[in-house]
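Okay everyone, thanks for coming. Have a look at the structure on the screen, and then I'll walk you through a few parts of it.

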Amino acid sequence: MHRRTPIRYTTRAVAALWLFIALSGHALAHGASIEGSSKSLSVPLWLFILTSGGVVSASFLLASFITDRSFIREIHDWQRFTSWSADTIVHATKAIGVLVLLGIIAAGWYGPPSSRENIAIIFVWVGWWAAYTTTVYIFGNTWPALNPWRTIGNLLPSLDVHYPERLGAWPSVVGLLALIWLEVLSPLATEPKMLADIIVAYSLITLAGTVVFNTERWFSTVDPVARVFRYYGRVAPFRRTESGFEFQLPGARLTETKYVTGIDEVAFIISILWVTTYDGFVSTPLWADIEGAVTGAGVPRHVTYLAALLGGFLLFLGAYRLAARLAHNTADTYLTTSAITRKFAPSLLPIAVGYHLAHYVGYFLSLSPTLLGMLSNPVNPPQPIIIVLPPWWSAVNMAFILIGHLLAVWVAHATAYDVFPSRMQAIRSQYPLVAVMILYTMTSMWVVSQPTITPP
């Protein structure tokens, strides 16, 4: 009874969500294009979501039955190396990063006011957040070699004030949530001047932090953007080392649990996972109805968005911590709930990667001709060109999400074999964690299935 009770609770939670979704109609393809259009898939939404959760469940069962400790260790220990060094181009990339930063600010202040004609808007959202972030999933964290604020900070004097260790990564959690709230609530994606103003404000805060605490401490602990790319880079198959480049299978490095040492870092991983979902959720008709009702009752719009952001974050964090507590019971282990929470947190990162790819790869492809046209002639760019993606692209978006969740299940499976001495302990520990991943899967697929509208 001690072990079955947590399993029963998690199973009921998954079943309850499935039942809710079963009443929700038909699936629609989420359009990531600038127009926010969507096309019907003519698939019952309950079947669409149920199938997604079933795929994740089946992957866990398959991994549990056909794998053992030696097989997993053999896969994760497989590596290839190359002695090619990128040191010769790092100085050039740092200079390019600073020049691009200055160019974006200038274009935002003095360029065309239209978002489709201003290279600052197109480069930041299409070139940087959509395209560059995607390269991080392949080539690892290259942001230190491009980060203009790190380059400038290294040239400034530092007071080397001791950073309060009790703060840990919490400032980066707050910073990431604040940036997403600002991005959703304000017209950062449509008004070049406002984008430039925010970048300047961010630059002043960041450079002040490097002067007070020193560059290495600021970007390793406080800066949310640097931490996002560092965490995303751990999913990538490539990693730059002192002797060259190392290649492993995608996600293999996420089992190195030394990366997450406290609940603050767990909270940051959850915040990455949540903000990717939140960014899509506030573009759904359901949110438009909720926001309209709450705002109509007299609650300020910015408070409504902030409450949804913080409430969803706490809900995601609470669900994961509950799963870790139940995993402690199902595994019947001496490990504390806190230790399980830390060790399995990296396995959630592929879920965020999958959703980001689903949200932004199509967006990049749609606007890539516009980006290339502006890069070829920034002063007098040609007319914007938008590619309309074929209807089957929605299936690609869904595949991105499913692959991310399947990789997350595998990483959790491999982590369990590293953590627990018994095979059955490793398998039982994953019951609640996989249940939470299924909930995350169905939530992501529901968001992707909704028609996209501009947040009110």
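So, here's one to start with: is the crossing of α16 and α17 left-handed or right-handed? It's right-handed. Keep in mind that this is a predicted model.

Let's stay with that pair for a bit. Two packed helices are described by the angle between their axes and the distance between the axes. Here, α16 covers residues 349-376 and α17 covers residues 393-419, and they pack at an angle of about 160 degrees with axes 7 Å apart. Angles over 145 degrees count as roughly antiparallel, so α16 is roughly antiparallel to α17.

Who's touching whom? On the α16 side you'll find, among others, Pro350, Tyr355, Val361 and Leu365. Over on α17, the residues they meet include Trp393, Phe400, His405 and Ala408. Sort that contact by class and you get twelve nonpolar residues, five polar ones and no charged ones.

Okay, next stop: glutamine 430, which sits in helix α18, residues 423-449. Is glutamine 430 buried or exposed? Buried, with a relative accessible area of 0%. A polar atom of its side chain lies 2.9 Å from the backbone oxygen of alanine 426.

Finally, let's zoom out. The protein chain has 18 helices and five strands. Of its 456 residues, 51% count as buried. And of the contacts with a separation of 6 or more, 78% come from residues 24 or more positions apart.

Key:
Residues are numbered from 1 along each chain as its sequence is written. This is a predicted model: local features need pLDDT of at least 70, side-chain atom pairs count only at pLDDT 80 or more; totals for chains, interfaces and linings use all residues. Side-chain values use heavy atoms; hydrogens and water are left out. Axes are lines fitted to C-alpha atoms, for helices over the stretch in contact, and angles run from 0 to 180 degrees between N-to-C directions. Helices (H or I, at least four residues) and strands (E, at least two) are DSSP runs, numbered from the N terminus. Angles under 35 degrees count as roughly parallel, over 145 as roughly antiparallel, 65 to 115 as roughly perpendicular and the rest as oblique. A crossing is left-handed if the near helix is turned anticlockwise from the far one by less than a right angle, and right-handed if clockwise. Contact means heavy atoms within 4.5 Å. Ala, Val, Leu, Ile, Met, Phe, Trp, Tyr, Cys and Pro count as nonpolar, Asp, Glu, Lys and Arg as charged, and the others, Gly among them, as polar. Buried means under 20% relative accessible area, exposed over 50%, partly exposed in between (1.4 Å probe, protein chains only). A polar contact is a pair of N or O atoms within 3.5 Å; within protein, one must be able to donate a hydrogen and the other to accept it, and residues adjacent in sequence count only if both atoms are side-chain atoms.
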